[in-house]
Amino acid sequence: MTRSRMIAAVCLLLLGLVAAGPAAAQDKPPLIVGAIYVGSVNDYGYNRSMKDGLEAMKRAIPGLKLIEAENVPETAESERVMEGMVQQGAKLIFATSFGHQQFAFNVAKNHPDVVFEHAGGWMQAANFGNFFGATQAAWYPMGVAAGKMTRSNTLGFVVGVPIGYAIGNVNAFEMGARSVNPKAETRVVVTGGWSDKAKEASAANALIDQGADVVTMHVDSPATIIQVAEGRSMSSIGFQSVEARELAPKHWITGLGFTWGPFMTETAKSVIAGTFKPAMVREGLGQMMTIAPFGPEVSTEVRQLVIASGDRVEKGFNPFTGPVTDNTGAVKIAAGESWGGDKMGNFDWYVEGVIGKAK
Amino acid sequence: MNSALIVGVIAGSIMSGTSLLYATLGEVVGERAGIVNLGLEGIMLIGAASGFAAAALTGSPYLGIVAAALAGAAANTIFAYLVVGRHANQLATGLSLMFFGIGMSALIGRPFVGALISGLPRLPVPGLVPGGIGARLLSYDILVYLAVPFSLFTWWLIFRTRWGLGLRTVGESPAAAYAAGLNPQKLQYQALTYAGALGGIAGAHISVALTLTWAEGMTAGRGFIAIALVIFAKWNPLWAIAGALLFGGAEGLQLQLQAAGADVSPFVMNMTPYLLTLLVLIVWGWSRQSAAPAALGRNFVGVE
């Protein structure tokens, strides 16, 4: 080849690469997804679990673009944020906190071509669906773990806001504990909000002062309570995100975490394919929920018990099958009856063995 | 009423009350100079975020407290410039400072959310049987132990020093102070710097000692409770100790009572600290004689 031909060949090659470059960049992402969080994703809790789910969705669908906004308050401000995401081309928006529901619904009305998925509520429309974990039954194996690990037979439960679903969680927990330890009692402290770190610290301390040696919680972030327990050498059981075990290297028992990934991936794929159908999705252990890895102090025997209990729940075991008595002695679920998923929000009583007042 | 409950309530109220006490002390000094700072919540948040950030960056919670004091003082100096230097309306400026503090603290704290720090170490009250129930429950960090000495120091500062006399004169009548040869502006700046430092420390106690975490808005209204406590304390640092313990105790007590199984609705329990504050303010307000500094809230525009 002459030198001039070689130069021409190199130039053509470069031109080809340059032309191909923008062409590759021209590939639109298959979907732009927006997500709003009520808090920070570094909370080792609820928001972290949502983030992990979205990241799993992103990995499962190559090229998918994710727009996120943290610390979005549960006010009309969230509408502005979601509108902004729609303007940026989002065709699927996850409103991850309960209090975002009405605002997401408002934005959904104005954008029928954008799909909205809300976590934890009940509203539905052609482009608005709802999803959450069916947490109550999943707390039963946690109770089994706590009932086996406690030495003082006192378990502590910090509840943010005593809504029916949270009370149901406490009930299943105590029932699980009682199934392996008839003397186990659960003490409940309500802080009044989903995320008040100072109160959570005081509540955890109060429970430990009253003799609890296993502490667990239903608040947005388990971090503060777990750290208080670890600091006082008490065991902890986590909730919302399995990553919380990093905070308690010595006394972590186990925990419940949400695995939103598969549902989010499925939803995104349905939006891409144009086959989205709104629904109220509630999935439990094995689907949207998982049992966290065990801590170093948990014996093989206890691990097997907990896993076996979890398997029973996955196969359909419902702890709320009568007769079930509340902590004043009244029979709340008659023999032969059972409370299904639709009644999980109706709890306003604690089962026998729980020390606390539900309302 | 078991002993665990009693000791637990005492321990809990001391821990909760400490940050309130520091914030109240700072606000007392500021109000004695005639300046009411409604932005105390913002100052506490800046202190909490800065303290946590510094503790996370340097690994030393003590440096965190120092950073919080400096940050609080700096933020309050902005407030001082606006109110003392530019004669802006104190109430409006205070509220703006609160919003500024909320935003600024979120900005400072953002990279550190979820960070793990070694908090202020807890030292058991000296003299107790090691390992016993007393030593287990009555173990506090250095800021708690320094809280009462700080109150005594602040009392001494206001009531037993020349500087304090000047401060009180400015708070009662800046014109009279000026006529007596004092510099009201300088005294107010100094008072607000001191107040800012204490407010920052108050915030840092929550993040670096109590919860070992940072979250936006984590002071949850404590700044405003402190402002109410100043009235309760009749602008006297010694009464502030009682006020902070009372409110800290109310919050700790309702959580301890829940844990002990009190047969009261949790919603009512959560209200009790606020009900108590309202009750106290109503009862205290019954007396006609107001202990407030006469020129509180008014700007000295006077002689240049």
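Residues 24 or more positions apart account for 67% of the contacts in chain A with a separation of 6 or more, two residues being in contact if their C-beta atoms, placed from the backbone, lie within 7 Å. The model is predicted: local features require pLDDT of at least 70, side-chain atom pairs count only at pLDDT 80 or more, and totals for chains, interfaces and linings use all residues. Residues are numbered from 1 along each chain as its sequence is written, with chains lettered from A and ligands numbered from 1 in the order in which they are written.

Of the 359 residues of chain A, 53% count as buried, that is, with 20 or more other C-beta atoms, placed from the backbone, within 10 Å of their own. The C-alpha trace of chain A spans about 95 × 45 × 40 Å along its principal axes.

Chain A contains ten helices and 15 strands, taken as DSSP runs (helices H or I, at least four residues; strands E, at least two) numbered from the N terminus. Within chain A, β1 (residues 32-36) and β3 (residues 92-95) pair in the parallel sense over four bridges, and A:Ile36 stands opposite A:Ala95 in β3(A).

The contact between the chains takes 30 residues from chain A and 29 residues from chain B. On the side of chain B that touches chain A, α11(B) gives the most, with seven residues.

How values were computed. Pairing = 2+ DSSP bridges. Buried ≥ 20, exposed ≤ 12 C-beta atoms within 10 Å, placed from the backbone.
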